[in-house]
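Please read them beside the coordinates.

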Amino acid sequence: MAEPSEARTGSTGSDTGAPRDRGEKLTARGDERKALILDTALRLFERDGYEKTTMRAIAREAGVSVGNAYYYFDSKDHLIQAFYDEVSDHHIVRALTSMRPHRDLGARLAADLHAWIDVAEPYRAFATQFVKNAVDPNSPLSPFSPESKPTRDKVIEVHRRVVLGSNAKIDPEIVESLPDLLWMHHMGIVLFWVYDRSPDARRTRELVDRTAPMVARVIRLSRFKMVRPLFREADKLIRDFLLPGDEPADRG
């Protein structure tokens with residue numbers, strides 16, 4: 001019975017496949033429209049500033065209705081969150097590829113951070129537009145906000161891969177805390193990058209190259225028992241004051 005059934009399916013493949021193909025086309029069209037709205041918003045943020053750019057202006061510039069713009073993004077904040085998420089996704093892919101040839105912890109960390117700079121650099125011209133929102137403790141655009149947690153977790157997971165893929169001898173007791181600590185280092189690099197005006201973020205890249213080996217050396221000190229409490233306390237400070245509610249179990 002199976003063979004006749006398969007034969008009938010094959011003989012009417014154009015009919016049975018039509019709804020699926022239409023769904024795929026609609027999804028692709030929706031993705032294209034969503035990307036168009038996001039790209040348009042970023043262009044207007046750069047040209048007119050974040051505060052002066054309205055959802056209506058974004059919709060008009062993108063050639064879609066205001067309702068359509070709100071269908072994909074509930075607010076301007078959601079647009080920026082989508083931008084952060086997109087940059088993080090590209091960073092993850094590039095970082096994992098860049099780290100692959102390296103086992104040295106410092107080299108892997110530098111490759112990870114350079115990958116982020118490579119992905120983010122095209123947007124550096126208007127990065128300062130978002131700083132005011134990012135430093136507002138009540139803003140969902142803050143990298144420490146609950147709304148930013150999904151994107152933050154992605155980046156922290158990359159830092160976890162930095163550690164686990166290295167040949168560094170690290171005490172198992174502190175391995176879990178290291179990705180958070182590396183993320184804080186990453187945030188420091190990001191802040192410097194925002195204000196860096198050197199071509200191709202040259203000074204930021206130099207900062208990465210000089211600090212990554214230093215961070216790796218400090219991490220290697222964890223093999224000494226007397227140093228481990230410092231790592232534990234640093235991790236506790238981050239969880240208590242910067243990322244309350246972010247427990248290791250949340251990240252699997």
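1. The order of elements from the N terminus is α-α-α-α-α-α-α-α-α-α-α-α. In this predicted model, the chain therefore has 12 helices and 0 strands under the assignment used.

2. Two totals describe the chain as a whole. Of its 252 residues, 44% are buried. Among contacts with a separation of 6 or more, 70% are between residues 24 or more positions apart.

3. How are helices α5 and α8 oriented towards each other? Helix α5 spans residues 76-99 and helix α8 spans residues 149-164; the two pack at an angle of about 10°, and their axes lie 9 Å apart. Because angles under 35 degrees count as roughly parallel, α5 and α8 are described as roughly parallel to each other.

4. The contact between these two helices can be listed by residue. Helix α5 contributes Tyr84, Asp85, Ser88, Asp89, His91, Ile92, Ala95, Leu96 and Met99. Helix α8 contributes Thr151, Lys154, Val155, Val158, Arg161 and Val162. By class, the residues of this contact comprise 8 nonpolar, 3 polar and 4 charged.

5. The structure contains 6 aromatic pairs. One of them joins phenylalanine 83 and tyrosine 84, with 6.0 Å from centre to centre and 45° between the planes, and is classed as tilted. Phenylalanine 83 has a relative accessibility of 7% and therefore counts as buried.

6. Tyrosine 123 counts as partly exposed because its relative accessibility is 24%. Through ring pairs, Phe83, Tyr84 and Tyr123 are linked into a cluster.

7. A charge placed over a ring also deserves mention. The charged end of lysine 76 sits over the ring of tyrosine 50, at 4.5 Å from the ring centre.

8. In which helix does histidine 186 lie, and which residues does histidine 186 touch? Histidine 186 is part of helix α10, residues 178-195. With a relative accessible area of 2%, histidine 186 is buried. Leaving aside residues up to four places away in sequence, histidine 186 touches His91, Leu113, Trp116, Val155 and His159. Among these, His91 and Val155 are also named in the contact of α5 with α8.

9. Threonine 40 is a further buried position, and its relative accessible area is 2%. Threonine 40 lies in helix α2, which covers residues 13-48. Not counting residues up to four places away in sequence, threonine 40 touches Ile58, Glu61 and Ala62.

Terms used: Residues are numbered from 1 along each chain as its sequence is written. This is a predicted model: local features need pLDDT of at least 70, side-chain atom pairs count only at pLDDT 80 or more; totals for chains, interfaces and linings use all residues. Side-chain values use heavy atoms; hydrogens and water are left out. Axes are lines fitted to C-alpha atoms, for helices over the stretch in contact, and angles run from 0 to 180 degrees between N-to-C directions. Helices (H or I, at least four residues) and strands (E, at least two) are DSSP runs, numbered from the N terminus. Angles under 35 degrees count as roughly parallel, over 145 as roughly antiparallel, 65 to 115 as roughly perpendicular and the rest as oblique. Contact means heavy atoms within 4.5 Å. Ala, Val, Leu, Ile, Met, Phe, Trp, Tyr, Cys and Pro count as nonpolar, Asp, Glu, Lys and Arg as charged, and the others, Gly among them, as polar. Rings of Phe, Tyr and Trp (its six-membered ring) pair if their centres lie within 6.5 Å; planes under 30 degrees apart count as stacked, over 60 as edge-to-face and the rest as tilted. Buried means under 20% relative accessible area, exposed over 50%, partly exposed in between (1.4 Å probe, protein chains only). A charge sits over a ring if NZ of Lys or CZ of Arg is within 6 Å of the ring centre and within 35 degrees of the ring normal.
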